[in-house]
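Take a moment with the sequence and the model. The paragraphs below walk through them one place at a time.

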Amino acid sequence: MRAALLRVSLAGCEYPAYDGDMTLAHIADNPPSQGWDLHCHTVFSDGRQTPADMVREACALGLHGVAITDHDTTAGWNDAATAATEYGLHLVRGTEVTADADGVSVHMLAYQYDPHNREISGLFAKLRRARLERTKRMVELISKDYPITWDDVLAQIREGDETTVGRPHIADALIAAGAYPDRSAAFNGAVGSRSPYYIPTPSPDAAVKQAGGVSVIAHAGDPSRNAVLLSDDQIGQLIDAGLDGLEVWHRGNPPQQRRRLLDIASRHHLLVTGGSDWHGQGGKPNRLGENLTDDETVRSIVERGAIPLI
Ligand code: AMP
Ligand code: FE
Ligand code: FE
Ligand code: ZN
């Protein structure tokens with residue numbers, strides 16, 4: 001796998017070659033200033049831009065590589081791979097899986113798993129169907145008080161059946177109806193988790209491990225997502241179940257939580273990753289490449305995974 005990580009430098013997208021002899025498994029206390037953005041969403045879930053836009057922008061920023069991690073789907077992988085090959089940028093293939101640990105919502109970043117594994121493709125199909133039903137139910141409730149219909153929400157979905165539908169699409173319909181200026185305002189209002197219209201996403205167990213993937217808890221210390229964060233014990237249970245890493249470098253994790261997560265990672269020899277949670281222009285304020293993962297960590301992810309790096 002090492003050869004695959006050696007950079008092929010193409011015009012318009014150059015940066016220093018990856019040093020294949022760097023030592024593994026050290027845990028840095030500070031976020032990397034260069035490397036890979038391992039957390040990005042596109043129009044195949046709730047992002048506002050295409051996989052090709054993502055690759056083009058990552059290339060322009062001089063990132064070493066980028067990961068596509070749409071919610072509960074692999075639908076954007078092919079487009080991303082085509083663009084990555086065209087631009088000569090490395091691509092990690094992944095998915096942000098919606099899960100649950102004793103009532104605490106967990107977003108699991110799953111990397112480099114076999115997309116044909118029946119367990120995982122079945123899980124995603126089930127999750128997307130359940131998400132669709134839940135989103136429809138939320139729209140039924142919201143439409144009693146706001147001028148939107150389910151068709152207005154469908155009009156916001158870019159890739160039809162291939163898009164994983166969620167609250168951001170309701171937010172987009174509300175923006176189109178003039179109820180809110182942007183997604184953040186909608187999330188502070190009718191679509192937020194504290195609103196009377198809120199219905200949680202359904203959450204089956206992750207099948208990432210069975211599909212040979214590498215699993216990382218996304219933004220585990222972000223207090224804005226859950227009233228209660230995952231406890232050390234809950235993280236410990238996920239580690240026992242085969243968790244590979246923690247996403248420490250994410251704008252939602254405050255400094256104290258970063259220290260806590262780094263401490264857990266070093267005690268349990270977990271990978272430490274970073275990612276922007278980019279959702280494109282107008283999707284979220286998060287900027288592509290604002291948080292990064294270093295080369296060695298990506299090498300470990302690729303070595304542990306079931307499919308090659310692109
Ligand atoms: P859902 O999965 O349908 O419950 O919707 C949650 C998704 O909404 C998350 O994955 C975020 O990407 C997105 N989201 C959460 N807060 C905001 C916000 N303030 N602005 C835009 N998108 C948000
Ligand atoms: Fe999202
Ligand atoms: Fe997330
Ligand atoms: Zn995300």
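Ser45 sits in the loop between β1 (36-37) and α2 (51-60). The model is a predicted one. Ser45 has a relative accessibility of 0%, so it counts as buried. Which residues does Ser45 touch, leaving aside its neighbours within four places in sequence? They are Asp70, His71, Thr163, Thr164 and His169. Thr73 is 28 residues from Ser45 along the chain, and the C-alpha atoms of the two are separated by 7.8 Å.

Asp46 lies in that loop between β1 and α2 as well. Here we reach a metal. The iron ion (ligand 2) has Asp46 (OD), His71 (NE2) and His279 (NE2) as its protein donors. These donors lie 2.2 to 2.3 Å from the iron ion (ligand 2). Along the sequence their spacing reads D-x24-H-x207-H. The pair of Asp46 and His279 links distant parts of the chain, for the two are 233 residues apart. His279 belongs to the loop between β7 and α10. Are these two residues buried or exposed? Asp46 is buried, because its relative accessible area is 9%. His279 has 2% relative accessibility, so it counts as buried too. The cut-off for buried is under 20% relative accessible area.

Now move to the next metal. The iron ion (ligand 2) and the iron ion (ligand 3) are 5.6 Å apart. What coordinates the iron ion (ligand 3)? Its donors are Glu96 (OE), His107 (ND1) and His219 (NE2), at 2.0 to 2.2 Å. In sequence these residues follow the pattern E-x10-H-x111-H. Glu96 is in strand β3, and His107 is in strand β4 (residues 104-111). The two are 11 residues apart. Glu96 counts as buried because its relative accessibility is 1%. His107 has a relative accessible area of 16%, so it is buried.

From the zinc ion (ligand 4) to the iron ion (ligand 2) the separation is 4.5 Å. Glu96 and Asp277 form a pair that links distant parts of the chain, 181 residues apart. Glu96 is in strand β3 (residues 90-101), while Asp277 is in the loop between β7 (271-274) and α10 (295-304). Both residues are buried.

Which of its residues are buried? They are Pro51, Asp53, Met54, Val55, Ala58 and Cys59. These buried residues pack against three elements: β2 (65-68), α3 (77-87) and β3. Just after α2 comes Gly62, with a positive phi of about 75°.

Next, look past strand β4. Gln112 is found in the loop between β4 and α4. At 0% relative accessibility, Gln112 counts as buried. What surrounds Gln112, leaving aside its neighbours within four places in sequence? Its contacts include Leu91, Val92 and Arg93. Gly212 and Gly213 are also among them. Further contacts of Gln112 include Ile301, Val302, Gly305, Ala306, Ile307, Pro308 and Leu309.

The loop of Gln112 leads on to helix α4. Two packed helices are described by the angle between their axes and the distance between the axes. Helix α4 (residues 118-142) packs with helix α6 (residues 167-176) at an angle of about 35°. Their axes are 10 Å apart. The crossing of α4 past α6 is right-handed. Which residues meet there? From α4 come Arg134, Thr135, Met138, Val139 and Ile142. From α6 come Arg167, Ile170 and Leu174. By class, this contact has 5 nonpolar, 1 polar and 2 charged residues.

How values were computed. Residues numbered from 1 in each chain as written. Chains lettered and ligands numbered in written order. Predicted model: local features only at pLDDT ≥ 70, side-chain atom pairs only at ≥ 80, totals over all residues. Heavy atoms only, no water. Axes fitted to C-alpha atoms, helices over the stretch in contact; angles between N-to-C directions. Helix = DSSP H or I, 4+ residues; strand = E, 2+ residues; numbered from the N terminus. Left-handed = near helix turned anticlockwise from the far one by under 90°. Contact = heavy atoms within 4.5 Å. Nonpolar A, V, L, I, M, F, W, Y, C, P; charged D, E, K, R; others polar. Donors = N, O, S within 2.8 Å, 3.2 Å for Na, K, Ca; no water. Buried < 20%, exposed > 50% of the residue type's maximum accessible area, 1.4 Å probe, protein only.
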